[in-house]
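The notes are grouped by topic.

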Amino acid sequence: MNPQLDIETIEAVLAKADQLYTEREISAALDEIAGNITRQLHNKHPVCLSIMLGGLVPAGQLLPRLNFPVEIDYIHATRYRGATEGNELHWIKYPSISLENRTVLLIDDILDEGLTLQAVVEYCQQQGAEQVFTAALVEKQHKRRIGLQHADFTGLTVPDRYVFGYGMDYQNQLRYVAGIYAVHGL
Ligand SMILES: O=P(O)(O)OC[C@H]1O[C@H](OP(=O)(O)OP(=O)(O)O)[C@H](O)[C@@H]1O
């Protein structure tokens, strides 16, 4: 785990970062994702699982846009743990709701190498989910995708840089930022 960044460093990272998407653009992408989810899942009474921590902000913004019955729970699993390169997936919290014979919608902030969502999809299938769908606010564009190739529902693409904001962290910081940014030099 990286040491905590101090406030001055956090502010400097944000000041030097390149903005990739504004809050308005993200909001439009969330509207589009919500519309697509609604068309496909409106009569399925899905269990929506936010993948913490990064899924917190996208799920919090997406779920109120779904105007049909859903159940909400979360999974806490992490493979970056504040670093900029992923490792093995650590499971911190499994969902409390039974997934047996349910339609499941996983909500995450970013699909990068695809290993997190792939592992969580497999877990849900092992728990007896009837169907598992994935939503990722952002897909990173590169050729290193070794897990899930694409989310079923997605809104934005980002280049092959380390990004933060709207749930995504840089060294466990800056998740709250109301836009999507790429770290200067990364
Ligand atoms: O496609 P992958 O390469 O697996 O990366 C994507 C995952 O990485 C981030 O989580 P992280 O492990 O950083 O934990 P966090 O949600 O606490 O930030 C992000 O929230 C995704 O879950």
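A polar contact is a pair of N or O atoms within 3.5 Å. With a polar side-chain atom of Asp169 lying 3.3 Å from an oxygen atom of the ligand, this pair falls within that cut-off. The model is a predicted one.

- Asp169 takes part through a polar side-chain atom, 3.3 Å from a ligand oxygen atom.
- Gly54 places a backbone N or O atom 2.8 Å from an oxygen atom of the ligand.
- For Leu53, a backbone N or O atom lies 3.0 Å from an oxygen atom of the ligand.
- On its own, the ligand has 500 Å² of accessible area, and the protein covers 95% of this.

**Shell and pocket**
- There are 17 residues around the ligand, and those that come nearest are Arg79, Tyr80, Asp108, Asp109 and Thr116.
- Strand β5 (103-111) and helix α4 (115-126) each supply at least two residues of the shell.
- The most is given by β5, with 4 residues of the shell.
- The largest pocket is the space that the ligand takes.

**His76**
- His76 is part of strand β3, which spans residues 71-78.
- The relative accessible area of His76 is 19%, and the limit for buried is under 20%, so His76 counts as buried.
- Beyond its neighbours within four places in sequence, His76 is in contact with Met52, Leu53, His90, Trp91, Ile92 and Lys93.
- One of these contacts, Leu53, also has a backbone N or O atom 3.0 Å from a ligand oxygen atom.

Conventions: Residues are numbered from 1 along each chain as its sequence is written. This is a predicted model: local features need pLDDT of at least 70, side-chain atom pairs count only at pLDDT 80 or more; totals for chains, interfaces and linings use all residues. Side-chain values use heavy atoms; hydrogens and water are left out. Buried means under 20% relative accessible area, exposed over 50%, partly exposed in between (1.4 Å probe, protein chains only). Contact means heavy atoms within 4.5 Å. A residue is near a molecule or strand if one of its heavy atoms lies within 4 Å of it. A polar contact is a pair of N or O atoms within 3.5 Å; within protein, one must be able to donate a hydrogen and the other to accept it, and residues adjacent in sequence count only if both atoms are side-chain atoms. Accessible areas come from the Shrake-Rupley method with a 1.4 Å probe; for residues, only the protein chains shown count as cover. On a 1 Å grid over the protein atoms alone, a cavity is a set of points where a 1.4 Å probe fits but cannot get out, and a pocket is an open set with protein on both sides within 12 Å along at least five of seven lines; lining residues have an atom within 4 Å of a point. A molecule sits in a cavity or pocket if more than half of its atoms lie within 2 Å of its grid points.
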